[in-house]
Amino acid sequence: MSLCWNGSRLASSDATGRIVLWNLNQISHAGEAKCTLTGHDGACKALLPIPDVNALCSGSIDTTVRLWDYPTGLNTLVLSSSGFNPCCSSLFRCAFLIE
C-alpha cells in the first residue's frame with residue numbers, strides 16, 4: 001500500500017495496482033472516493049503528487065511509471081522498462097523531468 005497527500009488530496013494504492021483518489025474537502029461519508037484509477041498490472045509501490053501540473057505519478061512492480069491527470073483521472077503517460085521496479089526515489093526523478 002502507498003499513500004501520498006497534497007493539501008486536500010489523498011491518493012492510496014493497493015496490491016492489485018488500483019489507485020483511489022480522495023478529495024478530503026468533499027468527503028461526506030466514510031469511504032467515499034473521488035475516483036479509482038486502474039491500469040497497473042501489479043502492486044503500486046510508490047505515489048508522488050505533482051502539483052504544478054495537477055497530476056499524480058505512480059510506480060508499480062509491473063515495471064511501469066504512469067502519469068495521471070488528477071481532475072479527470074485519465075492516464076496521460078506510461079513509461080515502461082524491462083526489469084525496472086519503480087520506487088519513491090525513481091518517481092521523484094521522473095516528476096522532476098516532467099515539471
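Colleague: Which residue is the bridge partner of Pro49 in β6?

Modeller: That's Leu56. Keep in mind that this is a predicted model.

Colleague: OK. How many bridges are there between β5 and β6?

Modeller: Six, and the two strands pair in the antiparallel sense. They make a hairpin with four residues between the strands, where Asn54 has a positive phi near 55°.

Colleague: And who stands opposite Leu56 in β7?

Modeller: Trp68. In β7 you'll also find Arg66, which stands opposite Ser58. Five bridges join β6, residues 55-60, to β7, and those two run antiparallel.

Colleague: What about the turn between β6 and β7, how many residues does it have?

Modeller: Three residues sit between them in that hairpin, and Thr63 in the turn has a positive phi of about 70°.

Colleague: Zooming out, what's the strand order in the sheet?

Modeller: It goes β5-β6-β7-β8, four strands in an open sheet with antiparallel pairing. β5 (44-50) and β8 (75-80) are at the edges with a single partner strand each, so one side of each has no neighbour in the sheet. On average, neighbouring strands here are turned by 15° against each other, direction ignored.

Colleague: Back to β6: is it enclosed or open to the outside?

Modeller: Largely enclosed by the rest of the structure, because six of its six residues are buried. Ala55, Cys57 and Gly59 point one way from β6, while Leu56, Ser58 and Ser60 point the other way, and all are buried.

Colleague: Now Leu67. Which strand is that in?

Modeller: Strand β7, which covers residues 64-69.

Colleague: Is Leu67 buried or exposed?

Modeller: Buried: its relative accessible area is 11%, and the cut-off is under 20%, so Leu67 qualifies. The C-alpha atoms of Leu67 and Cys57 are separated by 4.6 Å, with the two residues 10 apart along the chain.

Conventions. Residues are numbered from 1 along each chain as its sequence is written. This is a predicted model: local features need pLDDT of at least 70, side-chain atom pairs count only at pLDDT 80 or more; totals for chains, interfaces and linings use all residues. Side-chain values use heavy atoms; hydrogens and water are left out. Buried means under 20% relative accessible area, exposed over 50%, partly exposed in between (1.4 Å probe, protein chains only). Two strands pair if DSSP finds at least two bridges between them. Axes are lines fitted to C-alpha atoms, for helices over the stretch in contact, and angles run from 0 to 180 degrees between N-to-C directions.
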